[in-house]
Amino acid sequence: MKEKIITKKILKWYDLNKRSLPWRKQLPLKKKQYYTLVSEFMLQQTQIATVIPFFNRFIKNLPSLRELAKVDEKKLIKLWEGLGYYSRARNLKKTAQIISKNFEGKIPDNYEDLLSLPGIGNYTSSAILAIAFNKPYIPLDGNIERVLKRYLYLKKQSEIVKDNLQQKKRIFGISSRSNDYAQALMELGALICKPINPVCRQCPISNKCKSLQKKDFDLTKNIKKNKEKYFILKVYKKDQRYLLVKNTKFNFLKNLTIFPMEELSKPKNFNENLNFKMSNMNMNIKIQYQKDSCKFQSPFWINKKKLDNYMLPSFTKKIVKYLEKN
Ligand code: SF4
């Protein structure tokens with residue numbers, strides 16, 4: 001199918017089927033750009049349905065880039081609480097500060113400047129340029145990748161590596177409605193070319209789809225293993241309270257409040273109590289109850305019955321819940 005025809009078909013489908021999302025509303029340009037920045041940070045590791053209420057609350061509290069640049073850390077983290085991956089929130093604030101200081105408060109409209117901002121990589125730059133500035137970029141997210149892999153029947157490891165997909169996405173062509181087109185492709189993957197049971201009968205590009213012709217919709221997994229990591233998590237308990245510390249040691253959950261932990265490299269006979277998936281690692285956690293809490297210079301005691309009163313990452317809350325049950 002010629003690129004122009006694909007583009008037209010996908011946009012036509014999108015116009016009739018797109019979901020109404022808070023960052024897709026008709027907005028003055030500056031607001032649109034700010035909403036895109038915030039939503040793209042939130043969507044980096046989180047699904048749309050989860051992001052919506054967080055986005056609405058965030059925008060209600062911080063309606064402009066200027067306010068975001070000035071927000072204090074506590075309020076920022078509170079607004080992000082529940083979304084996880086808190087480094088995104090901190091990077092978003094740093095980005096807003098740099099834009100306020102170095103770009104006269106205007107979100108940059110070019111790739112290089114966007115890439116220089118904290119928390120913005122290739123994907124987010126492309127998404128912002130397409131959605132907020134109507135530039136001809138197609139950000140390759142998981143949804144678009146899936147459509148591409150199925151449409152072209154890309155199954156081998158060499159075919160599904162990022163570089164190859166970046167080349168192959170040219171099949172989608174470009175549109176003068178780049179902002180809609182990027183979102184239309186994502187929406188097609190999210191609503192029609194779903195990971196399981198794609199709804200091919202409603203797909204606007206089904207007539208040339210190779211996976212449909214072969215009746216094989218299975219996707220090859222990228223061979224990229226999460227790193228196995230091993231931690232001792234130390235539990236100090238006094239009456240109803242647990243001791244927590246500010247995490248300045250590990251790159252995950254940086255500066256947030258966690259249980260004291262130690263990482264072990266390749267332990268023998270490690271019988272973990274808990275497993276967590278975080279970023280690109282599988283955390284194997286062994287709980288150790290401890291007695292002497294004096295060595296901590298600034299411990300933070302939380303009352304287990306008042307968990308919601310504290311600003312805690314969900315990782316810490318889950319550990320408390322585990323301890324209470326076991
Ligand atoms: S026809 Fe089916 S498998 Fe092919 S792109 Fe459309 S939804 Fe995906």
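Two residues are in contact if their C-beta atoms, placed from the backbone, lie within 7 Å. In this predicted model, residues 24 or more positions apart account for 67% of the contacts in the chain with a separation of 6 or more. The secondary structure comes to 14 helices and 7 strands. Along its principal axes, the C-alpha trace spans about 70 × 50 × 30 Å. Of the 326 residues of the chain, 28% count as buried.

The chain is divided into two parts, domain 1 (3-214) and domain 2 (227-325). The C-alpha centres of domain 1 and domain 2 lie 34 Å apart. Between them, 8 residues of domain 1 are in contact with 6 residues of domain 2. On the side of domain 1 that touches domain 2, helix H5 (residues 73-80) supplies the largest share, 3 residues. By residue type, that side of domain 1 divides into 2 nonpolar, 3 polar and 3 charged.

The largest nonpolar core has 53 residues, and the members that touch the most others are Val38, Ile128, Ile138, Ala182 and Leu185. Helix H12 gives the most to this core, with 8 residues. Not counting residues up to four places away in sequence, Leu185 touches Ile10, Ile138, Ile144, Val147 and Phe172. A second, separate core of 9 residues includes Leu233, Tyr242, Phe259 and Met283. In soluble globular proteins, nonpolar side chains tend to be buried together.

Helix H12 covers residues 178-192, 15 residues in total. From its first C-alpha to its last, H12 reaches 20 Å, close to the 21 Å expected at 1.5 Å a residue. The buried residues of H12 include Ala182, Leu185, Met186, Leu188 and Ile192. Asp180, Gln183 and Glu187 are also among the buried residues of H12.

The ligand is surrounded by 14 residues, and the closest are Cys193, Cys200, Cys203, Ser206 and Cys209. Two elements give two or more residues to this shell, namely helix H9 (142-152) and helix H13 (210-214). The largest share, 3 residues, comes from H9. The residues of the shell divide into 11 nonpolar, 2 polar and 1 charged.

At 1.5 Å a residue, the 14 residues of H3 should span 20 Å, and its end C-alpha atoms are 20 Å apart, which agrees. The buried residues of H3 are Val51, Phe55 and Phe58, and they pack against helix H2 (29-42) and H5. Ile52 is also found in helix H3. A residue is buried if 20 or more other C-beta atoms lie within 10 Å of its own, and exposed if 12 or fewer do. Ile52 has 16 C-beta neighbours inside 10 Å and therefore counts as partly exposed. Leaving aside its neighbours within four places in sequence, Ile52 is in contact with Leu21 and Pro22. The C-alpha atoms of Ile52 and Leu37, 15 residues apart along the chain, are separated by 14 Å.

Pro22 lies in the loop between helix H1 (3-17) and H2. Pro22 is partly exposed because 15 other C-beta atoms are within 10 Å. Not counting residues up to four places away in sequence, Pro22 touches Ile52, Phe55 and Asn56. Pro22 and Ile98 are 76 residues apart in sequence, and their C-alpha atoms are 25 Å apart in space.

Leu62 is found in the loop between helix H3 (48-61) and helix H4 (65-70). With 22 C-beta neighbours inside 10 Å, Leu62 counts as buried. Leaving aside its neighbours within four places in sequence, Leu62 is in contact with Glu67, Leu68 and Val71. The C-alpha atoms of Leu62 and Leu79 are separated by 9.5 Å, and these two residues are 17 residues apart along the chain.

Key: Residues are numbered from 1 along each chain as its sequence is written. This is a predicted model: local features need pLDDT of at least 70, side-chain atom pairs count only at pLDDT 80 or more; totals for chains, interfaces and linings use all residues. A residue is near a molecule or strand if its C-beta atom, placed from the backbone, lies within 6 Å of it. Helices (H or I, at least four residues) and strands (E, at least two) are DSSP runs, numbered from the N terminus. Ala, Val, Leu, Ile, Met, Phe, Trp, Tyr, Cys and Pro count as nonpolar, Asp, Glu, Lys and Arg as charged, and the others, Gly among them, as polar. The expected span of a helix is 1.5 Å times one less than its number of residues. Domain bounds come from an automatic or database domain assignment. A nonpolar core is a set of buried Ala, Val, Leu, Ile, Met, Phe, Trp, Tyr and Cys residues joined through C-beta atoms within 7 Å.
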